[in-house]
Amino acid sequence: MKRVDVVLGLQWGDEGKGKVVDVLTPRYDAVARFQGGPNAGHTLEFDGCKYILRSIPSGIFQGGKVNIIGNGVVLDPILFRNEAEELAKSGHDLTKRLCISKKTHLIMPTHRLLDAAYEAAKGANKIGTTGKGIGPAYTDKISRNGVRAGDIFLDFKNIYAKAKARHEAILSSLNYPCDVAALEAEWFEAIEYMKRFSIIDSEQTVNDMLAADKSILAEGAQGTLLDVDFGSYPFVTSSNTVCAGVCTGLGVAPGRIGEVYGIFKAYCTRVGSGPFPTELFDETGKRLRDIGHEYGAVTGRERRCGWLDMVALKYAVMIDGATALIMMKSDVMNDFDVIKVAVAYDTPQGRTTVFPYNIESGVTPVYREFKGWKCDLRKVRRYEDFPQEFKDYVSFIEQQTGIPVKIISVGPDREDTIVR
């Protein structure tokens, strides 16, 4: 029986998972999203075109592959329809290649209002949510009040009305206006559009494929440091972004997990609020942002930038059980004279190399400096041809984590990828 290989982020998201999934997809029979919602923004570039995927798996562009939206995902029908129709315009008809789990929870129009109301109630302590209703949808799931994709074949209008009434009561208690009439018509149209796709018992499909010796790649969204349990809580997402999330998000037994590809940038970024020990507030941080085009694929928000954090990276590798590392955006630092990596934290309790419970205050990174490679990595197509300074950087990361760097990205295109 085959195992499920996994691609996930090791930082605060935005590591480049979409490109990697696209590159790896030819090796697999199916690609499955296992968590997250339309706050994901997986960017792919090839053949002179650029695509941004929010809910649809990044294997969709490789013909003949099955793509599955798993039960661990929360899906906004309107945004899903917009995304699918946009792809159809560019020649990618998804109806024969994309399946949706019956157990996928749906984001309702009132979930968006709840998202805004909860953020407003937090005042200065806002989390920095994307406002797409993802957190409230997961809240309903956990509190056993959710609406699922499989419900659209049942007494759906009554199921929806009951959930909406509950949301209206909460919004009223928060003195937040509830006017979703305009969105509702579009939402129900999008529900009808969803019926064009196969809505399946995904856990059975996934395990049947494995039993038939079919290979599956699980695609994560966000990053390990945004995991609701192991991330920088409460500034996290609402799902389990770590490798264990594959088991609950697809219905796969732990023993069925194979390779775990952990993706990280050669530096660090973060969007929204929350602690970020290596964040740079100077010209170097601005330079990383400008050269790396560090703006959210979905939100357009500026990403906060900083040096690579080895303390956090080793923590993520441990939590995920990563078996191979993939380093992205190495080319962004082509012209830097000096490159730094945080190897420890100074805290009120002393120096540590262990990721602490609280990194929100009193944490000062301890850096090791590396000589910059000062050349254009985008021209390189073989690992052997990289400059020694860059190889030293890669070797240090491998020594620190104990995990090999198997793939290196030196640009946004499929072709800008070196596999060792």
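**Salt bridges, sheet and cores**

In this predicted model, the side chains of D416 and R381 come together in a salt bridge, with 2.8 Å from N to O. D416 sits in the loop between β19 (405-409) and β20, while R381 sits in the loop between β18 (364-371) and α11, so the pair ties together parts that are 35 residues apart in sequence. The two partners can be told apart by their accessibility. D416 is buried, at a relative accessible area of 6%, whereas R381, at 41%, counts as partly exposed. Elsewhere, salt bridges with shared partners join D14, K265, E294, R303 and K329 into one network.

Within that group, K329 and E294 meet through their side chains in a salt bridge of 2.9 Å, N to O. This pair, too, links distant parts of the chain: K329 belongs to the loop between β15 (324-328) and β16 (338-347), and E294 to the loop between α9 (283-291) and β13 (304-306), 35 residues apart. E294 is buried, since its relative accessible area is 0%. K329 comes out at 23%, which puts it in the partly exposed class. Another salt bridge brings together the side chains of R351 and D346, at 2.8 Å from N to O. Here R351 is exposed, with a relative accessible area of 58%, and D346 is partly exposed at 29%. The count for the model comes to 25 salt bridges.

Turning to the strands, an open sheet of 10 strands runs in the order β9-β7-β5-β2-β10-β1-β11-β15-β19-β20, with mixed pairing. Its edge strands are β9 and β20 (417-419), each of which pairs on one side only. On average, and ignoring direction, neighbouring strands of this sheet are turned by 20° against each other.

Three bridges join β7 to β5 (residues 66-69), and the two run parallel; I68 stands opposite C99 of β7. Three bridges also connect β7 with β9 (residues 198-200), again in parallel, and S101 stands opposite I200 of β9. Further along the sheet, β2 (residues 30-33) and β10 are joined by four bridges and run parallel, with A32 opposite A218 of β10.

As for the nonpolar packing, the largest core holds 58 residues, of which L325, M327, M333, F386, Y393 and I397 touch the most other members. Helix α11 (residues 388-401) supplies the largest share of this core, five residues. A second, separate core of 30 residues includes F61, I69, F80 and I199. Leaving aside residues up to four places away in sequence, L325 touches L10, G262, F264, V317, I397, T401, I403, P404, V405, K406 and I407.

Helix α11 itself has 14 residues, which should span 20 Å at 1.5 Å a residue; its end C-alpha atoms are 20 Å apart, so the two values agree. Buried residues in α11 are F390, K391, Y393, V394, F396, I397, E398 and T401. Just after the helix, G402 adopts a positive phi of about 75°.

Finally, Y233 is found in the loop between β10 (216-219) and α8 (244-250). Y233 counts as exposed because its relative accessibility is 58%. From Y233 to F264 is 31 residues in sequence and 20 Å in space, C-alpha to C-alpha.

Methods: Residues numbered from 1 in each chain as written. Predicted model: local features only at pLDDT ≥ 70, side-chain atom pairs only at ≥ 80, totals over all residues. Heavy atoms only, no water. Core = buried A, V, L, I, M, F, W, Y, C linked by side-chain atoms within 4.5 Å. Buried < 20%, exposed > 50% of the residue type's maximum accessible area, 1.4 Å probe, protein only. Contact = heavy atoms within 4.5 Å. Expected span 1.5 Å × (residues − 1). Pairing = 2+ DSSP bridges. Axes fitted to C-alpha atoms, helices over the stretch in contact; angles between N-to-C directions. Salt bridge = Lys/Arg side-chain N within 4 Å of Asp/Glu carboxyl O.
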